[in-house]
Amino acid sequence: MNSTQRVRGPVTRRRGWHILEAPVDPGVDKANRRRRSTEPRRRAWHILEAPTGDQPAPDATTELGPALPDEATVNFVLDLVLRIGEVQMASGAGASDVTATILSLTAAFGLPHCEVDVIFTSITVTCHRGTDANPITALRVVRSRSLDYTRLSQTEMLVQQILRGNLGAEESYTELHRITTAPHPYPRWVATLAWGGMAFFITLLLSGTADVAVGALIISALIDRLGRLLNRVALPFFFQQAVGGLVATGLATVAVNTGLVPARFSTLVAAAAITVLLSGLSTVSAVQDAITGYNVTAAGRTMETVLMSAGLITGVALALNIAKALGFAPAEPVLPAQTANSLLVIVPAGAAAAACFALASYSTMRSMLVAAAAGAIGAGVYGALVIVGRFDVITSSAVAAIVVGFSGGVLARRLKVTPLVVAVSGITPLLPGLSTYRGLYELATQSNGNLSTLIKAAAIGLALAAGVVLGEYLAQPVRTGLGRLERRLAGPRMAGPLQTSERRLE
């Protein structure tokens, strides 16, 4: 009988299925029957799960698992992919994006079975090498975070070149070193003017006049330079945010009480400066990590966002209390009246504010143009819903963010722009700077002040972040073809490749 054929045992009529058993030996059949009554009754799962000793043991000299390169090459590849993941994490990419990028790169370099663990401050990759060799594990700590979207975009292009097989491991490592050690594409003073320009257009978006917008530009630029000095002495970011809120609110209040500017100057300038300070927070990434199941990283990002917001709140509240103690009257925040004609200013102001944020984050010219389009779309949808449709601000913010995320998800990669740049820049003009200032004003000046306005501001921020992530998720079937809606979606993707490729390491 052929050794590959299976021996079929007797049919168990009581159970009604075939059970694989060894050939029956007539010599021991009687002894087995006498012993059967004393043994415990065997259930179906006992039969299907045979003891370990009855299973055929593999040959000890046989190596199981994929054939991998030598240990030095594996270490080299792991270090390369960890450095790429570090650039993404430092630029605000989500943990799911970093994980997918690393897995795609390891598969492309011939390491098919790797495990990735991403938390807020570190990335760990383990490469399994079969049963006879120990796995190789590498760890990379993300020590600093900075907004440099040019570096992120160039890293994205490097990842695409690797996945297409155009670059080997050594060439990729050299190119990545060039990207990470290159200086910013613009001088620092250009970024300072961009932050000031963002405050200028945010003031116009809030129906402010040109003179008030100029004041907001000057104060926001001053805050940026002051933060630069504090960063050189390694002052924690919590205190930097507090100093920024204190300077913004204090200078605006002093300017109003000295009669240099109109009374509404304080409200609009403080709101614009707070919006600028809120724009650097990683709210979108925190919500994306929470939705995609990376709860530890989401908790870390959320804690950082809460801490930075608390520093800003502390600075603004301190400035209001100091003004009250000195006898200065802070201007009461009033929501500016807007009509349908205001959309003619809101749309271009939103586009310019988003472009200024992209410029301040060292984006390329192409990215700035796409960010400007996203800002115009978001501001236009938000303004139309609030002014014309009479919707509440939370619903309007969520819908506008969904449109921005959807548009960025469909068009960003076709235009060779990272969707994260489009998403963050597009919702920047909609950040709740005015609501935050109103809530702090109520707490600092009113004895019966409550937290409802601040909670509303937090709800607007969450609606913006969740809306962007949902829009990117809805864009996937459109991006991959409407005829393949049954394709399994991979989740919201703000950075990194969409599909993996496999090739052996040369």
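How many aromatic pairs does the structure hold? It holds four. Before I describe two of them, a word on the source. This is a predicted model, in which local features need pLDDT of at least 70 and side-chain atom pairs count only at pLDDT 80 or more, while totals for chains, interfaces and linings use all residues. Residues are numbered from 1 along each chain as its sequence is written, and side-chain values use heavy atoms, with hydrogens and water left out.

Let us begin with the rings. A pair of aromatic rings is described by the distance of the centres and the angle of the planes. Rings of Phe, Tyr and Trp (its six-membered ring) are paired if their centres lie within 6.5 Å; planes under 30 degrees apart are called stacked, over 60 edge-to-face, and the rest tilted. One of the pairs joins Phe200 and Phe201, with 5.2 Å from centre to centre and 85 degrees between the planes, an edge-to-face arrangement. Another joins Phe238 and Phe239: the centres are 5.3 Å apart and the planes stand at 85 degrees, so this pair is edge-to-face.

How accessible are these residues? Here, buried means under 20% relative accessible area, exposed means over 50%, and partly exposed lies in between (1.4 Å probe, protein chains only). Phe201 has 24% and is therefore partly exposed. Phe238, at 23%, counts as partly exposed, and Phe239, at 43%, is also partly exposed.

I now turn to charged side chains. How many salt bridges does a search of the whole structure find? It finds six, a salt bridge being a side-chain nitrogen of Lys or Arg within 4 Å of a carboxyl oxygen of Asp or Glu.

Helices are DSSP runs (H or I, at least four residues), as are strands (E, at least two), and they are numbered from the N terminus. Arg83 is partly exposed at 29%, and Asp79 is partly exposed at 23%.

The second example pairs Arg178 with Glu175, at 2.5 Å from N to O. Because these two are three residues apart in helix H6 (residues 169–181), about one helical turn separates them. Arg178 is partly exposed, with 41%, and Glu175 is partly exposed, with 27%.

Arg188 belongs to helix H7 (residues 188–205) and Asp224 to helix H8 (residues 210–232), so the pair ties together parts that are 36 residues apart in sequence.

Finally, the nonpolar surface. Leu246, Val254, Leu318, Ile322, Leu326 and Phe328 make a nonpolar patch of about 480 Å². Patches consist of residues with over 30% relative accessible area and no salt bridge; like charges are joined within 9 Å, and nonpolar side chains (Val, Leu, Ile, Met, Phe, Trp, Tyr) within 5 Å. Helix H9 (237–257) and helix H12 (295–325) each supply at least two residues of this patch. Val254 lies in helix H9 and is partly exposed, at 38%.

Definitions and conventions. Accessible areas come from the Shrake-Rupley method with a 1.4 Å probe; for residues, only the protein chains shown count as cover.
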